Amino acid sequence: MTPRRSGDTSVGGLIRARRLLRGWSVRYAASRAGVSHATWSRIERGLQAADNRFMVADIAGALECSPADLVSTEVPAPDRVTKAARARVLGLRRALIDIDLSEAPAGAALPMVELSRGVALVDALHQACDYAGAARLLPGLLSDLHTETAGPDRYEALRLLCDATSNASSVLRSLGYPADAFLAAERCRDAADAAGDPVLQGHAAYILARAATACGSYQRGQTIAERAIDDLGRHIARPGGPEALGSLHLVAALASRCRERLDDSREWLDEAAELAQRTGETDTMGMFFGPTNVDIWRMSIEVDDGDPGRVVEIAQRTDPATIPAGVRQVFYYADTARALARIGGRDREAIRFLLTAERIAPQHVHTSAELAETTRALLDRSRRQAGGSELRGLSERMQVSS
């Protein structure tokens with residue numbers, strides 16, 4: 001008998017629905033994922049937050065689906081701006097399909113100076129986590145840049161196309177559309193290859209590896225990153241080379257951790273940290289590679305690695321304001337909040353960090369499955385302990401209920 005579709009759109013609810021569709025018991029499904037049946041049961045019932053991306057990946061593998069299937073964004077958007085951002089995804093997807101460099105572009109485009117300004121504006125909107133604003137501008141901008149790749153300013157058009165498609169990939173990934181993010185990353189790679197610039201190719205590989213990892217294709221992400229590290233190593237003296245190389249080390253660390261290769265992950269992080277000491281804080285190609293960003297990446301990996309105390313320790317020595325971009329600052333506050341929520345007696349601090357993350361990047365927070373799960377867990381504890389109005393307000397804005 002097919003189970004009825006549940007209205008529960010929490011991660012636990014989606015896990016339960018998929019398990020029931022398979023006709024599996026909790027014990028059998030948990031054994032496939034390598035987690036205890038008690039843990040699986042608590043996640044399904046909402047008694048344990050499913051905010052650990054690595055455990056969610058293991059559960060998704062057991063259920064023979066992708067992690068994205070368990071953190072569905074197909075729920076009503078919590079605010080008008082987030083709804084507007086998601087509504088732009090179809091147009092952005094179509095634009096990405098259309099800008100095939102193997103096809104001759106048609107029509108006329110805006111002057112290059114205006115296209116350059118457009119890319120700079122999209123970059124600024126992305127850095128501020130204004131995904132709706134960036135998604136509104138990107139389709140027309142991508143089309144015009146595609147047209148200009150056939151003109152006399154071909155190299156500059158390709159360079160700007162790399163920038164625009166990398167922003168498109170990040171926006172789509174943040175909104176919960178990893179497959180579309182991978183398409184955007186492939187277009188970024190195509191533009192970099194056409195330009196023949198090894199640093200642009202390294203940057204494009206970084207974007208592609210991040211998108212592959214977001215899709216749950218960890219081996220693919222690892223392979224892309226490692227090959228690009230080998231290729232870029234021969235061009236390390238070029239401007240932007242060390243920053244692109246360091247960023248590739250970071251995504252290799254994430255992919256290694258997703259594959260449960262902890263020693264490899266730590267080695268990649270350590271190598272990234274050594275490069276960051278040489279480069280200092282940078283904003284090259286919007287990657288913001290440097291000591292601060294390495295620490296923020298380390299926090300993001302550690303928070304899902306079962307050591308919340310280590311995350312808080314790193315947070316105490318890190319100043320997120322060193323990076324002038326909300327798109328990176330938000331991870332510092334969000335991951336610190338997730339870590340504090342797992343440490344007994346520090347819920348008030350966790351709530352404060354969540355609210356700060358929301359103030360910096362509301363669209364990011366309102367579309368994050370991990371933060372929704374953390375908020376749900378905090379809300380449940382808060383109600384048992386007569387919690388405060390700030391958390392209830394946040395949960396309402398995120399449409400989270402315990």
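1. A disulfide is taken here as a pair of cysteine sulfur atoms within 2.5 Å. By that criterion the structure holds zero disulfides. The sulfur of C215 lies 12 Å from the closest cysteine sulfur, that of C258, which is too far for a bond. For C162 the closest cysteine sulfur belongs to C188, and at 4.6 Å this too is too far for a bond.

2. On provenance: the model is predicted, so that local features need pLDDT of at least 70 and side-chain atom pairs count only at pLDDT 80 or more, while totals for chains, interfaces and linings use all residues. Residues are numbered from 1 along each chain as its sequence is written, and side-chain values use heavy atoms, with hydrogens and water left out.

3. Accessibility is classed as buried under 20% relative accessible area, exposed over 50% and partly exposed in between, with a 1.4 Å probe and protein chains only. C162, at 1% relative accessibility, counts as buried, whereas C215, at 24%, is partly exposed.

4. Helices are DSSP runs of H or I of at least four residues, numbered from the N terminus. In helix α6 (residues 80-87) the buried residues are T82, A85 and R86. They cover an arc of only 95 degrees around the axis, which puts them on the same side of α6; the arc is that of the directions from the helix axis to the C-beta atoms. R80, K83 and A87, on the other side of α6, are exposed. The buried residues pack against α7 (89-98), α9 (131-148) and α20 (362-366), contact meaning heavy atoms within 4.5 Å.

5. A334 is placed in helix α18 (residues 326-341) and is buried, with a relative accessible area of 6%. Leaving aside residues up to four places away in sequence, A334 touches A357 and L371. A334 and E370 are 36 residues apart in sequence and 9.2 Å apart in space, C-alpha to C-alpha.

6. A cavity is a set of points, on a 1 Å grid over the protein atoms alone, where a 1.4 Å probe fits but cannot get out; lining residues have an atom within 4 Å of a point. Grid points are joined across faces, edges and corners, and a volume is the space filled by probe spheres set on the points. The count comes to one cavity of 30 Å³ or more, and the largest cavity has a volume of about 40 Å³.

7. The lining of the largest cavity consists of R257, L262, S265, R266, L269, I301, E302 and D305.

Definitions and conventions: Helices (H or I, at least four residues) and strands (E, at least two) are DSSP runs, numbered from the N terminus. On a 1 Å grid over the protein atoms alone, a cavity is a set of points where a 1.4 Å probe fits but cannot get out, and a pocket is an open set with protein on both sides within 12 Å along at least five of seven lines; lining residues have an atom within 4 Å of a point.
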